[in-house]
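Visitor: Please show me the model, and then let us go through it by question and answer.

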Amino acid sequence: MDIKRKEVLSLTSTGTGTTVVDNGTPGRGVGDQIIITAKLFRRGVSYGTEGAVCTRVAAQTTHCTGTFSLPRGQVTWQHLQTTPVGAPPSDFDLAITGGTGAYATARGHAHVASISESGGALTLYLVH
């Protein structure tokens, strides 16, 4: 019998770097990339890191992939986000696409709230 474990992780993040790579026309253009790194915290205690790359696929839309590196393994994710020019991203969900270690069979989603360039709050809903 294959028993799946459900786990909910509430984390906060603090941004450690954001780099924009202009891959074509000046300004926002298809193919431009945003590279993001952050420190993750659980109940105020350091709990890992995050790395992500977002590629602009339309004027206001990015496709992002990333990884949460946690004490028991890594969790990978992706999402497609449309954000009006000049507006901060609103709350959104990520698809959990897999992982390593304790999360080798991970699936589920994550909800990202209160996001800004300096960090945010996220909740991972994992089945593994």
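Visitor: Which residues have the most contacts inside the largest nonpolar core?

Guide: This is a predicted model, in which local features need pLDDT of at least 70, side-chain atom pairs count only at pLDDT 80 or more, and totals for chains, interfaces and linings use all residues. Residues are numbered from 1 along each chain as its sequence is written, and side-chain values use heavy atoms, without hydrogens and water. A nonpolar core is a set of buried (under 20% relative accessible area, 1.4 Å probe, protein chains only) Ala, Val, Leu, Ile, Met, Phe, Trp, Tyr and Cys residues joined through side-chain atoms within 4.5 Å. The largest one has 21 residues, and those with the most contacts inside it are Leu9, Leu11, Phe68, Leu70, Val75 and Leu124.

Visitor: Which elements give two or more residues to this core?

Guide: Strands are DSSP runs of E, at least two residues, numbered from the N terminus. Those giving two or more residues to the core are E1 (6-21), E3 (45-58), E4 (61-70), E5 (73-82), E6 (92-99), E7 (107-116) and E8 (119-127).

Visitor: What does leucine 70 touch, leaving out residues up to four places away in sequence?

Guide: Contact means heavy atoms within 4.5 Å. On that basis, leucine 70 touches Leu9, Leu11, Leu40, Tyr47, Val75 and Tyr103.

Visitor: How many strands does the protein chain have?

Guide: There are 0 helices in the protein chain. From the N terminus on, its elements run β-β-β-β-β-β-β-β. The number of strands is 8.

Visitor: What share of the 128 residues counts as buried?

Guide: The C-alpha atoms fill a box of roughly 55 × 30 × 20 Å along the principal axes. Of the 128 residues, the buried share is 33%.

Key:
Helices (H or I, at least four residues) and strands (E, at least two) are DSSP runs, numbered from the N terminus. Buried means under 20% relative accessible area, exposed over 50%, partly exposed in between (1.4 Å probe, protein chains only).
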